[in-house]
Amino acid sequence: MNQVQKPLLVICAKRYNGHELWTLLGVLQERDYEFEVVSQALLIRDELTLKPNTIERTVYDVSPDEIREEKFAAVCVVSGNMSDTEAYWTDPHVLNLLQAAREINLVVAAICCSVPTLAPVCKDVAVSYFPLMRSRYRLRDFGAVLRNTSLTVDGHTVTAENQMITQMWAEEICNLLEGKPQQYQMEDSGFTPKGSERKMDPLVRAAIDADRGYGMVLQKGPNKGKIYDPKAS
Amino acid sequence: MVKFVDIDPKDIDTSRSGRRGRVSYPILKAFMERNAKVSKLDLTGLHKNPTYLRSVLHSYINSHNMPIKVFSAAGDLHLMRLDLDNDGNFVEGWEDELQATEGAVGLERNDEPTPINSAEVKKRFTKEKGQTTK
């Protein structure tokens, strides 16, 4: 095993993104790390081919105390089918695991649409994320620093925007664990995909915003990005 | 040749026949009751744009998790039962067909499940390494 001497905990969606999972595990194996894959079920599948694999424990069998007792070197979250991936965003058990990891400064990592899973433990942490509007809102609301670059290493957090960055993401996780400097430096190109909210009846939207106490209007023109105040209208 | 008919703005017919009620429920219910594998929908009398109709039927099917596929062929709207085979026999586990992420077919769903060990990782990583898309 690698000098780190502890396995990495890999949390994946039960219908996982095959490229992300196998590339991460492959890089870890090549760099002589051990790992444990956990998910929502003991039978997991590639989200496209549905090819099945078995794992020994579900994520719910992993106790936060195992994290606190430093049985793992890092916690990595891999995405996949959107409903399975988003189920982790608000999963209290997964949040407990991540908070335990933060308490002892473990490396935490996520990629693509699983980055918002880290949101509650990413206040003032720079992150790369797949630019869905709901990902952006969630990360922003928890105080994460949103980056446009495809890969970000900030302290003990490694995040990547999309699956095509998986190998670099996995290598940066290893680099961080080994105390090596960041291997891939990315410059912000300034390109941000245009985003727009789903159209909703303005009265319904106003009612929701009033209830939430905040609102966001994303549209072309002078109002772009301004906070919408329902009481003012 | 493209043909047009001259018309005065005041003569544009703005009258509406009114709402004819929901279309998805009666169409899909009637189709389910036929117990046929595939049917072509006769649009006569429906007064609905086929593109619109396909869209609303698709949404209704998705939101109600119905075992129906709606598709167009040669400009006609077709409905196909996913829970029946071509002989009209019930297909066990038809929902499994819908488990793959949209756009995928899940061709390897019936493979023997294998544990994630060193050999499996090596095999799958070799396949994925250098790839950029799923």
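## Chain A at a glance

A residue counts as buried here if 20 or more other C-beta atoms lie within 10 Å of its own, and as exposed if 12 or fewer do. By that rule, buried residues make up 44% of the 233 residues in chain A. Keep in mind as you read that this is a predicted model.

Chain A has seven helices and twelve strands. Now look at its contacts between residues at least 6 apart in sequence: 62% of them join residues at least 24 apart.

## Helix 4 of chain A

Let's start with one helix. Helix 4 of chain A covers residues 92–103, twelve residues in total. From its first C-alpha to its last it reaches 16 Å, close to the 16 Å expected at 1.5 Å a residue.

Which residues of helix 4 of chain A are buried? They are Val94(A), Leu97(A), Leu98(A), Ala100(A), Ala101(A) and Arg102(A). After helix 4 of chain A comes Asn105(A), with a positive phi near 55°.

## The nonpolar cores

In soluble globular proteins, nonpolar side chains tend to be buried together. In this model, the largest nonpolar core has 67 residues, and the ones with the most contacts inside it are Ala74(A), Val75(A) and Ile173(A). Take Ala74(A) as an example. Setting aside residues up to four places away in sequence, Ala74(A) touches Leu8(A), Leu106(A), Val107(A), Val108(A), Ala109(A), Ile173(A) and Leu177(A).

A second, separate core has six residues, including Phe31(B), Val70(B), Leu77(B) and Leu79(B).

Most residues other than glycine have a negative phi. Asp32(A) is not a glycine, yet its phi is positive, about 70°. You will find Asp32(A) in the loop between helix 1 and strand 3 (35–39) of chain A. Leu50(A) is not a glycine either, and its phi is positive at about 65°. Leu50(A) belongs to the loop between strand 4 (43–46) and strand 5 of chain A.

Are these two buried or exposed? Asp32(A) counts as exposed because it has 11 C-beta neighbours inside 10 Å. Leu50(A) counts as buried because it has 21 C-beta neighbours inside 10 Å.

Val125(A) sits in the loop between strand 8 and strand 9 (126–128) of chain A. With 21 other C-beta atoms within 10 Å, Val125(A) is buried. Leaving out neighbours within four places in sequence, its contacts are Ala144(A), Val145(A), Asp154(A), Gly155(A) and Thr157(A). Val125(A) and Asn105(A) are 20 residues apart along the chain, and their C-alpha atoms are separated by 13 Å.

## Where the chains meet

The contact between the chains takes 23 residues from chain A and 23 residues from chain B. On the chain A side, helix 1 (18–30) and strand 5 (52–54) each supply at least two residues. Helix 1 of chain A gives the largest share, seven residues. Sorted by class, the side of chain A that touches chain B has nine nonpolar, eleven polar and three charged residues.

## Two crossing helices in chain B

Two packed helices are described by the angle between their axes and the distance between the axes. In chain B, the axes of helix 1 (residues 24–34) and helix 2 (residues 50–63) come within 10 Å and cross at roughly 70°. Angles from 65 to 115 degrees count as roughly perpendicular, so helix 1 of chain B is roughly perpendicular to helix 2 of chain B. Helix 1 of chain B brings Ser24(B), Ile27(B) and Leu28(B) to the contact, while helix 2 of chain B brings Val56(B), Leu57(B), Tyr60(B) and Ile61(B). By class, this contact has six nonpolar residues, one polar residue and no charged residues.

Helix 2 of chain B has 14 residues, so at 1.5 Å a residue it should span 20 Å; its end C-alpha atoms are 20 Å apart, which agrees. Just after helix 2 of chain B, Asn65(B) has a positive phi of about 50°.

## A strand residue in chain B

Our last stop is Lys69(B), in strand 2 (residues 68–73) of chain B. Lys69(B) is partly exposed, with 15 other C-beta atoms within 10 Å. Not counting residues up to four places away in sequence, Lys69(B) touches Met80(B) and Leu82(B). Lys69(B) and Arg81(B) are twelve residues apart in sequence, and 6.4 Å apart in space from C-alpha to C-alpha.

Methods: Residues numbered from 1 in each chain as written. Chains lettered and ligands numbered in written order. Predicted model: local features only at pLDDT ≥ 70, side-chain atom pairs only at ≥ 80, totals over all residues. Axes fitted to C-alpha atoms, helices over the stretch in contact; angles between N-to-C directions. Helix = DSSP H or I, 4+ residues; strand = E, 2+ residues; numbered from the N terminus. Parallel < 35°, antiparallel > 145°, perpendicular 65-115°, else oblique. Contact = placed C-beta atoms within 7 Å. Nonpolar A, V, L, I, M, F, W, Y, C, P; charged D, E, K, R; others polar. Expected span 1.5 Å × (residues − 1). Core = buried A, V, L, I, M, F, W, Y, C linked by C-beta atoms within 7 Å.
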